Amino acid sequence: MKAFLCARAQEIVCGGLMVMLIPAIPDGTSPSLSHPGILSDLLGSCLMDMAKMGLVDEDKVDLFNLPVYSTSPKEVKDAVENNGCFSIERMETTLVPPSVMDIGASNIAEIYNDHVRAVGEGIIKEYFGNDITEKLFELYPKKLADSLSILASGKSSLLFVLLKRTKLPLQNE
């Protein structure tokens with residue numbers, strides 16, 4: 001976030017505005033109780049199922065790490081304040097999704113499957129090879145559909161942040 005804000009500070013004139021939409025978790029929420037944490041745990045569960053089927057090495061699954069991080073509104077506020085080049089004109093949090101149950105099991109499972117696949121497929125292919133990808137993303141939506149109550153308990157939000165450029169960048173920024 002520090003590098004991002006410094007780069008944007010070089011591009012935006014004083015008084016200019018920047019809008020950020022950031023997937024986030026509510027302040028004080030454990031990452032394991034957030035939608036991204038739950039989705040990662042379910043993906044790990046699918047990989048362990050595949051290890052039990054002999055499709056992947058269990059030791060490799062144990063060492064696998066999908067680098068996903070969800071920030072909180074407080075962390076964003078602190079990063080902006082520490083940067084010093086922007087003021088927060090407005091910050092709003094919207095919880096998402098409003099109700100997992102309203103969308104339907106198969107629809108929500110496919111939506112999350114597509115999202116996780118878009119984010120993680122390259123890393124998964126690089127680490128495990130091309131052979132397991134199709135099977136993994138065949139199993140994953142089934143596991144998601146079976147786990148709607150767990151997903152419904154997860155917490156996530158979308159953070160809307162409106163920043164205003166407040167000062168000229170220093171020469172060493």
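Modeller: Here is the packing, with the overall layout before it and some loop positions after it.

This is a predicted model, so local features need pLDDT of at least 70 and side-chain atom pairs count only at pLDDT 80 or more, while totals for chains, interfaces and linings use all residues. Residues are numbered from 1 along each chain as its sequence is written, and side-chain values use heavy atoms, with hydrogens and water left out.

Start with the layout. The chain has eight helices and three strands. These are DSSP runs, numbered from the N terminus (helices: H or I, at least four residues; strands: E, at least two). Read from the N terminus, the order is α-β-α-α-α-β-α-α-α-α-β. The C-alpha trace spans about 60 × 35 × 25 Å along its principal axes. Of the 173 residues, 39% count as buried. Buried means under 20% relative accessible area, exposed over 50%, and partly exposed in between (1.4 Å probe, protein chains only). Contact means heavy atoms within 4.5 Å. Among contacts between residues at least 6 apart in sequence, 83% join residues at least 24 apart.

Now the packing itself. In soluble globular proteins, nonpolar side chains tend to be buried together. A nonpolar core here is a set of buried Ala, Val, Leu, Ile, Met, Phe, Trp, Tyr and Cys residues joined through side-chain atoms within 4.5 Å. The largest such core has 26 residues, and those with the most contacts inside it are Leu43, Ile124, Phe128, Leu136, Tyr140 and Leu144. Two or more residues come from each of α2 (35-52), α6 (105-128), α7 (133-146) and α8 (148-153). Helix α2 gives the most, with eight residues. Take Leu136 as an example. Beyond its neighbours within four places in sequence, Leu136 is in contact with Leu43, Cys46, Leu47, Met50 and Ile124.

How do α2 and α7 sit against each other? Their axes come within 9 Å and cross at roughly 125 degrees. That makes α2 oblique to α7. The crossing is right-handed. On the α2 side, the contact is made by Leu39, Leu42, Leu43, Ser45, Cys46, Leu47, Asp49 and Met50. On the α7 side, Lys135, Leu136, Phe137, Leu139, Tyr140, Lys143 and Leu144 make the contact.

A word on those terms. Axes are lines fitted to C-alpha atoms, for helices over the stretch in contact, and angles run from 0 to 180 degrees between N-to-C directions. Angles under 35 degrees count as roughly parallel, over 145 as roughly antiparallel, 65 to 115 as roughly perpendicular, and the rest as oblique. A crossing is left-handed if the near helix is turned anticlockwise from the far one by less than a right angle, and right-handed if clockwise.

Return to Leu136, in contact with Leu43 and Ile124 among others.

The axes of α1 (residues 2-11) and α4 come within 10 Å and cross at roughly 50 degrees. α1 and α4 are therefore oblique to each other. This crossing, too, is right-handed. Lys2, Leu5 and Cys6 of α1 meet Ala79, Val80 and Asn83 of α4. Within α4 (residues 73-83), the buried residues are Pro73, Val76, Ala79, Val80 and Asn83. Seen down the axis, these fall within an arc of 130 degrees (taken from the directions from the helix axis to the C-beta atoms), so they line one face of α4. After α4 comes Gly84, with a positive phi near 80 degrees.

Lys167, in the segment after β3 (157-165), touches Cys14, Gly84 and Cys85, not counting residues up to four places away in sequence. At 34% relative accessibility, Lys167 counts as partly exposed.

Last, two loop positions. Pro31 lies between β1 (17-24) and α2 and, at 54% relative accessibility, counts as exposed. The C-alpha atoms of Pro31 and Ser156 are 9.5 Å apart, though 125 residues separate them along the chain. Gly54 sits in the loop between α2 and α3 (58-63) and is exposed at 60% relative accessibility.
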